[in-house]
Amino acid sequence: MDFTFQDLSGTFSVADIAIAMALSFVLSAMIGWVYRATHRNVSYSQSYVQTLVILGMLISLIMLVVGSNIARAFALVGALSVVRFRNAIKETRDVGFIFLVMGIGMAVGTRFYLLAVVAAVAISLIIMVMHRFNWFALNVRRQVVKVQVPSDEDYTPAIQDVLIRHTDEFELVSMESIRAGALTELMYTIKIKKGSEPADVIAALRERNHGQSVTVLTGYDQTDL
């Protein structure tokens, strides 16, 4: 019994289909685990990782369908152009993983099996190394400070005096009147000096603003008094 399918793009067998689907699944799943293991923020989505696996297999299937037929490739581009994705990508890093599984799927679908395996393993190792050693991290302790002061006088010099003592640099970002004009909220970006902590800045500012609210926003948490 002949299980070979003949079409305009060439010949592929059931074995070709099975290998392409299985290999694209394994490699895309491996990339999904790498993404899960190296994800740092709270925006992790199980649905996104599952989509990566599906996308890798789908691209592999599409490449099998297209083969070397240019007309069919343009027809598929036209058909896929009607698809609209309404979910915004939360991180630029996520886009990189999408292109990675697409590239692996294309390599598998065009039967460059060795290229797909080597590329997937090599790129995954590079991602793991960058995550493990925290490459390209910018070690700058920057925070946002919001200080509420009474509107009856200018508290800016007193606030800046505190910031000069506790920060290496600071910049006034905004000044807003709140509570029907009873208070003024000053917002600064700051770089805290070594040896100082956000709590020290808060305590010093509260001595100058008559006990009004002081908020320090860091990259990981928020301190509010």
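A contact means heavy atoms within 4.5 Å. The model shown is predicted: local features need pLDDT of at least 70, side-chain atom pairs count only at pLDDT 80 or more, and totals for chains, interfaces and linings use all residues. Residues are numbered from 1 along each chain as its sequence is written, and side-chain values use heavy atoms, with hydrogens and water left out.

**Figure 1. The loop residue S43 and its contacts.** S43 is placed in the loop between α1 (14–38) and α2 (46–66); helices (H or I, at least four residues) and strands (E, at least two) are DSSP runs, numbered from the N terminus. Leaving aside residues up to four places away in sequence, S43 touches K90 and E91. S43 and K90 are 47 residues apart along the chain, and their C-alpha atoms are separated by 7.3 Å. With a relative accessible area of 21%, S43 is partly exposed; buried means under 20% relative accessible area, exposed over 50%, and partly exposed in between (1.4 Å probe, protein chains only).

**Figure 2. S28 in helix α1.** S28 lies in helix α1 and counts as buried, at 1% relative accessibility. Not counting residues up to four places away in sequence, S28 touches L52, V53, G56, M57 and V101.

**Figure 3. A nonpolar patch on the surface.** V129, F133, W135 and F136 form this patch, and together they have about 490 Å² of accessible area. Accessible areas come from the Shrake-Rupley method with a 1.4 Å probe; for residues, only the protein chains shown count as cover. Patches are made of residues with over 30% relative accessible area and no salt bridge, like charges being joined within 9 Å and nonpolar side chains (Val, Leu, Ile, Met, Phe, Trp, Tyr) within 5 Å. A salt bridge is a side-chain nitrogen of Lys or Arg within 4 Å of a carboxyl oxygen of Asp or Glu. W135 is found in the loop between α5 (113–132) and β3 (142–150). R132 lies over the face of F133, 5.4 Å from the ring centre; a charge sits over a ring if NZ of Lys or CZ of Arg is within 6 Å of the ring centre and within 35 degrees of the ring normal.

**Figure 4. Aromatic pairs.** Rings of Phe, Tyr and Trp (its six-membered ring) pair if their centres lie within 6.5 Å; planes under 30 degrees apart count as stacked, over 60 as edge-to-face and the rest as tilted. By this rule the count comes to five aromatic pairs. The ring centres of W135 and F136 are 6.0 Å apart and their planes meet at 85°, so this pair is edge-to-face. W135 is partly exposed at 44% relative accessibility, and F136 is exposed at 73%. F170 and Y188 also form an edge-to-face pair, with 6.0 Å centre to centre and 70° between the planes. This pair links distant parts of the chain: F170 is in strand β4 (residues 167–178) and Y188 in strand β5 (residues 183–192), 18 residues apart. F170 is partly exposed, with a relative accessible area of 28%, whereas Y188 is buried, with 1%.

**Figure 5. An aromatic cluster.** Y35, Y44, Y48 and F97 form one aromatic cluster.

**Figure 6. The whole chain, for orientation.** The chain has seven helices and seven strands, in the order β-β-α-α-α-α-α-β-α-β-β-α-β-β from the N terminus on. Of its 225 residues, 32% are buried. Among contacts between residues at least 6 apart in sequence, 69% join residues at least 24 apart.
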